[in-house]
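Student: Please take one part of this protein and look at it closely. I would like the setting first, then the detail.

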Amino acid sequence: MKSIFETEAKDELLNRLENLDAESSAKWGKMNVNQMLVHCTKPIELALGESTIEKPNFLIGMMMKLVAPSLYNDKPWKEGLPTAKEFIIVNSDGFNTEKDKLKSKIETMSTSKDYFEPKKKHPVFGTFTADQWGKSAYKHLDHHFRQFGV
């Protein structure tokens, strides 16, 4: 799996982001393009410690730790996976504003590998290495960019 910490992968993501426009439509799922942009920004903000989410109860937390490897392994996510309630987006700013926010967050995270060294706790999925954080960020963005055909 590529990593947001790799220059080539980061550049690829930014190029794909540039190929989105306000009329881009999803191949699957319920989000419109603005909602997807916000949805993709929120986990990066969470990773960078700029926001928080409620920690799951013990049982859910244990289940999340079991599925954590699917966040950074090489197997693409299936279309139409359910979205965590914290990342379901109802309102958004204009397309260009949300696109610029996501671009900025991709740039910030791509240069923040030291922040994740050697390991950093994810509030839901347990402790990740910097490598796992980088791969999970890439994989999430790749999933949604494929959802919108870029």
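Tutor: Helices here are DSSP runs of H or I with at least four residues, strands are runs of E with at least two, and both are numbered from the N terminus. The model is predicted. On that basis the protein has five helices and two strands. Their order from the N terminus is α-α-α-α-β-β-α.

Now the setting. The C-alpha atoms fill a box of roughly 40 × 30 × 30 Å along the principal axes. The radius of gyration is 15 Å, which agrees with the value near 15 Å for a compact globule of 150 residues. Buried residues account for 44% of the 150. Of the contacts between residues at least 6 apart in sequence, 81% join residues at least 24 apart.

The part to examine is helix α2, residues 33–47. Its length comes first. At 1.5 Å a residue, its 15 residues should span 21 Å; the end C-alpha atoms lie 22 Å apart, so the two values agree.

Next, burial. The cut-off is under 20% relative accessible area. Twelve of the 15 residues of α2 are buried, so the helix is largely enclosed by the rest of the structure.

How values were computed
Residues numbered from 1 in each chain as written. Predicted model: local features only at pLDDT ≥ 70, side-chain atom pairs only at ≥ 80, totals over all residues. Heavy atoms only, no water. Rg over C-alpha atoms; globule rule 2.2 N^0.38 Å. Buried < 20%, exposed > 50% of the residue type's maximum accessible area, 1.4 Å probe, protein only. Contact = heavy atoms within 4.5 Å. Expected span 1.5 Å × (residues − 1).
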